Amino acid sequence: MTTTTTTTKDRLLDAAEQLFGDKGITATSLRDVTALANANLASVNYHFGSKDSLLAAVFERRFQPMNDRRLQMLSELEAEGSDHPVQLEQILWAWLEPPFHMRHQSGDAGERYMRVVSRVYADPNHSIHELFMQQFETVRDRFHDAFARALPTVSSYEITRRMHYCIGSLAHTFCWCQQIPSLCSTAEPQSDEVLHSLVAFATAGMRAPADFELVSELLDSGAATPQAPSR
């Protein structure tokens, strides 16, 4: 691992981030991390206390600036439109643009960190998922309230569901952009084209009517079932 950081704490974070992405979180031991960081186990205990705390610090180092940017953008939009709800497209832009910005600004570190994120999604360990989601509690609540104001006919529970669908689309785009050429028309997965496409997709999904009875009727009647092409 090539690094320009000098403090033991930063070396441990860099090493953990690389190993979590390369080997997986569960498969990486603290001894693996200290060996790569040229440190000892006592230094992990001193700076972090446990592997879970180290993982939380790896998450926070990348996500805190991104979440701060999200909240700032949303606050500015709300201040500008204090007399009426912020437009749905604007809320989604404030939510989805900062991850693209982070990845673009981080360069190789951003690519490395996205491997960690993909490992989180693939790992069955529930405690890892909890540590990951804790990074977004404030952002989740603020944006949920903004979505609720922009979508007054959609229930709070359904808004939460749709937010998760949007997160899944974002993660899929980042984790698979290089492997699925149709996701990106250029070599740069951070391109404005991809972001605009994702925001348009998310806008339609968030705004879709929550008429589950109609969907059920269509499925029962066969109207929503694809028909085999005639020969």
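What follows is a set of questions and answers on a predicted model.

Q: Why are α4 and α8 called roughly parallel to each other?
A: Helix α4 (residues 51–80) and helix α8 (residues 137–150) pack at an angle of about 30 degrees. Angles under 35 degrees count as roughly parallel, so that's the label α4 and α8 get. Their axes sit 10 Å apart, and the crossing is left-handed. On the α4 side, the contact residues include Leu 71 and Leu 74, with Phe 143 and Ala 146 among those from α8. The residues of this contact split into 5 nonpolar, 3 polar and 4 charged.

Q: What makes the Asp 14 and Arg 61 pair a salt bridge?
A: Their side chains come to 3.0 Å, N to O, and the cut-off is within 4 Å. The pair ties together distant parts of the chain, with Asp 14 in helix α1 and Arg 61 in helix α4, 47 residues apart. Both belong to a network of salt bridges that also includes Glu 17, Arg 62 and Arg 112.

Q: How do you know whether Asp 14 is buried or exposed?
A: Buried means under 20% relative accessible area. Asp 14 has 7%, so it counts as buried. Arg 61, at 26%, counts as partly exposed.

Terms used. Residues are numbered from 1 along each chain as its sequence is written. This is a predicted model: local features need pLDDT of at least 70, side-chain atom pairs count only at pLDDT 80 or more; totals for chains, interfaces and linings use all residues. Side-chain values use heavy atoms; hydrogens and water are left out. Axes are lines fitted to C-alpha atoms, for helices over the stretch in contact, and angles run from 0 to 180 degrees between N-to-C directions. Helices (H or I, at least four residues) and strands (E, at least two) are DSSP runs, numbered from the N terminus. Angles under 35 degrees count as roughly parallel, over 145 as roughly antiparallel, 65 to 115 as roughly perpendicular and the rest as oblique. A crossing is left-handed if the near helix is turned anticlockwise from the far one by less than a right angle, and right-handed if clockwise. Contact means heavy atoms within 4.5 Å. Ala, Val, Leu, Ile, Met, Phe, Trp, Tyr, Cys and Pro count as nonpolar, Asp, Glu, Lys and Arg as charged, and the others, Gly among them, as polar. Buried means under 20% relative accessible area, exposed over 50%, partly exposed in between (1.4 Å probe, protein chains only).
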